[in-house]
Amino acid sequence: MAAVASATTVIPYPAKAVQELATNTNATPEKYILKESIGRIDSELPYLDIPVLDLSLLDSSSPEAEEELKRLRLAFSSCGYIQAINHGIDLSFIDEVHDVTRKFFKLPMEEKKKYARDADDIDGYGNDTVFSENQTLDWNDRLYLNVKPENKRKMKVWPENPKNFRQVLVDLTDKLEKVNEILTKAMAKSLGLEEDSFLKQYGENKVSLTRFNLYPPCPTPELVLSAKAHGDPSGMTYLIPDKEVEGLQVLKDDQWYKVPIVQNAINVNVGDQLEIMTNGIFKSPIHRGRGSLMLSKYDVCLFLSTPKSNLRFKSEMQKLKFFSGIEQQDAYLL
Ligand SMILES: O=C(O)CCC(=O)C(=O)O
């Protein structure tokens, strides 16, 4: 995701969808294979102990709320992740999100290609953005759609099939914005700041970008990544994970860990913008994806950000001396 935002050179993206490669070959094409120096993608990693947080408590004035705030602060300042339960989004709606995602990726290729992204654009159906001839590609097909601000929507690449796709996307954005409001207020409170300190940095024109992912089965999962290691340039990132197939891995203290599936939870991670706003107290975690030999994985990521580029944003935050009361850390000084 980080690389997409800073594209300057346009190199045509691969002609074939990974989904087509997965069904038509037994061997992984060379350009998807990681260079030797990067080493094996281990499947036998330990699980990361990611705190499961009850958002209904965070949003209350109950005695448990204080305890939950402390857990939130600890989670975001150590691994940068939480798994949020009781988030207020109906589980039947989450099922609908999974359903439209699968139905879209299961459409005939000809139909999906009607929504193909332009080579120099992010919005639309496609796969890894190619920045250099030597780039190792992600084993992943994706559909990126900007939802907010509304004038950024490129309706020609918004699927009309399945019929409820567009409505589900708009509703998902609204619902996750509410979750984001609860969480960013709680994050501010946990640091002793005014509760809307972070929220107001998103401004009137907050950016909401959604990425629907298909990770097809891969003949050589130990040699490829379904998502290369990266941190998110967002404010916060919300992932509706596949209900059965794992693959997300997180780097903590120089060690890779697997992220477990917690039924009905939404995975939430801090993005670079919140890391900058908190002088590095909250961590934007480095994460990556590992493919599966046999199984397809489907999930949906939503990135909520301020409309400013990270560089401009960083310099504005620097002028504000970040937030008073938050200890400054050298790494975030310009
Ligand atoms: O789908 C996943 O498990 C991770 C996706 C991701 O890291 C991203 O889109 O930034």
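Which strands does helix H5 lie across? Helix H5 (residues 91-105) lies across S4 (141-148), S5, S7 (236-240) and S12, and runs at about 115 degrees to S12. That angle is taken between N-to-C directions on a 0 to 180 degrees scale, with axes fitted to C-alpha atoms, for helices over the stretch in contact; contact means C-beta atoms, placed from the backbone, within 7 Å.

A quick word on the model: it is predicted, so local features need pLDDT of at least 70 and side-chain atom pairs pLDDT 80 or more, while totals for chains, interfaces and linings use all residues. Residues are numbered from 1 along each chain as its sequence is written.

The chain has 10 helices and 12 strands, which are DSSP runs (H or I, at least four residues; E, at least two) numbered from the N terminus. Of its 334 residues, 43% are buried, meaning 20 or more other C-beta atoms lie within 10 Å of a residue's own.

Now for the two open sheets, where strands count as paired if DSSP finds at least two bridges between them.

| Strand order | Pairing |
|---|---|
| S1-S2-S10-S7-S12-S5-S4-S3 (8 strands) | mixed |
| S6-S11-S8-S9 (4 strands) | antiparallel |

In the 8-strand sheet, S1 (52-54) and S3 (124-127) are at the edges with a single partner strand each, so one side of each has no neighbour in the sheet. Further in, S5 (residues 207-215) and S12 (residues 297-305) pair in the antiparallel sense over 9 bridges, and Tyr215 sits opposite Lys297.

Over in the other sheet, S6 pairs with S11 (residues 287-289) in the antiparallel sense over 2 bridges, with His287 as the bridge partner of His230.

Conventions. Two residues are in contact if their C-beta atoms, placed from the backbone, lie within 7 Å. A residue is buried if 20 or more other C-beta atoms lie within 10 Å of its own, exposed if 12 or fewer, and partly exposed in between; C-beta atoms are placed from the backbone.
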